[in-house]
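Me: I'd like a close look at how the strands pair up in this one. Take me through it slowly, cut-offs included, and then carry on to whatever else is worth a look.

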Amino acid sequence: METKPSEISSSKMFGGYNRRYKHFSPTLGCSMNFHIFFPPAPSPSHRSPVLYWLSGLTCTDENFIAKSGAQRAASKEGIALIVPDTSPRGLNVEGEADSWDFGVGAGFYLNATQEKWKNWRMYDYIVKELPQLLAENFPQLDTAKASIFGHSMGGHGALTIYLKNRDKYKSVSAFAPIVNPINCAWGQKAFINYLGENKADWEEYDATCLVAKFHDVSATILIDQGEDDKFLHDQLLPNKFPEACKKHGVPVLLRLQPGYDHSYFFIATFIDDHILHHAQALNL
């Protein structure tokens, strides 16, 4: 099985290239796709810093690349965008596609401990396997200079991964993140099935809980949240995270955006601010 990535497609955009790759993931036990947007390189030996994007429920590696418009600012700032999928695929685990908010397309960026879902190890895939794969196969990327951001479930993934791996990422931001999953239906459904009934295990993947443990954060955490987001009050609970950050001295900027919903129209509107936020941290 080919662990080395093979190119599936390539499209030029803003002077750079959207390229899609396929590889076999030993971590997940299946074939996975991911996208890289390579910005135009000023010289053949130039290495671009990387910015990981984690997508939300039901998404693949394609949504962000097609809908966000992030490539314009990434090209200008010289940042490579790394866009993985949201879960393992093709394993045919019973019930994996029964609901849109669990299983396929809903990996929640954790390492499942329950036997049935043992392949759902998106945390290790994002934090360990993918960076190593990039470092070994793409010399034009400077994988030691990395930041991370995401949307909804992916915002949850970005925040939790950043807080637990401060040595690996320079900055983090999120759009409409699930900041307190132990207290919302999406999170509870995912955690009880992937992690079992021990609530202490759930807290290891809850950004609001993790801030109490991992608060050595100097770069401001940027969060944008649409005020007309239908998931605002029952799933996203946006104020919980800044409250915890304030308590532990973590710098956070939560921007509530009037009239915006949970969609990629919202993301595309504010994506440039996020790219610039990360460009600053990546010392560009």
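Reply: Nine strands make up an open sheet with mixed pairing, running in the order S1-S2-S3-S5-S4-S6-S7-S8-S9. S1 (6-13) and S9 (252-257) are the edge strands: each has a single partner, so one side of each has no neighbour in the sheet. From one strand to the next the twist averages 20°, taken between lines fitted to C-alpha atoms, with angles from 0 to 180 degrees between N-to-C directions. Strands here are DSSP runs of E, at least two residues long, and helices are runs of H or I of at least four, both numbered from the N terminus. Two strands count as paired if DSSP finds at least two bridges between them.

Bear in mind that this is a predicted model, where local features need pLDDT of at least 70 and side-chain atom pairs pLDDT 80 or more, while totals for chains, interfaces and linings use all residues. Numbering starts from 1 along each chain as its sequence is written, and side-chain values use heavy atoms, without hydrogens or water.

Next up is helix H10. With 18 residues (264-281) at 1.5 Å a residue, H10 should span 26 Å, and its end C-alpha atoms sit 24 Å apart, which agrees; the expected span is 1.5 Å times one less than the residue count. H10 does bend, by about 50° at phenylalanine 270, the bend being the angle between axes fitted to the seven residues ending there and the seven starting there. At its start, a side-chain oxygen of serine 263 comes to within 3.1 Å of the backbone nitrogen of phenylalanine 265. After H10 comes asparagine 283, with a positive phi near 60°. Buried residues in H10 include Phe266, Phe270, His274 and His278, where buried means under 20% relative accessible area, exposed over 50% and partly exposed in between (1.4 Å probe, protein chains only).

Last, the cysteines. A disulfide needs two cysteine sulfur atoms within 2.5 Å, and the count is zero. The sulfur of cysteine 59 is 17 Å from its closest cysteine sulfur, in cysteine 184, so that's too far for a bond. For cysteine 184 the closest is cysteine 209, at 12 Å between sulfurs, also too far. Cysteine 59 counts as buried at 8% relative accessibility, and cysteine 184 is buried at 1%.

Key
A polar contact is a pair of N or O atoms within 3.5 Å; within protein, one must be able to donate a hydrogen and the other to accept it, and residues adjacent in sequence count only if both atoms are side-chain atoms.
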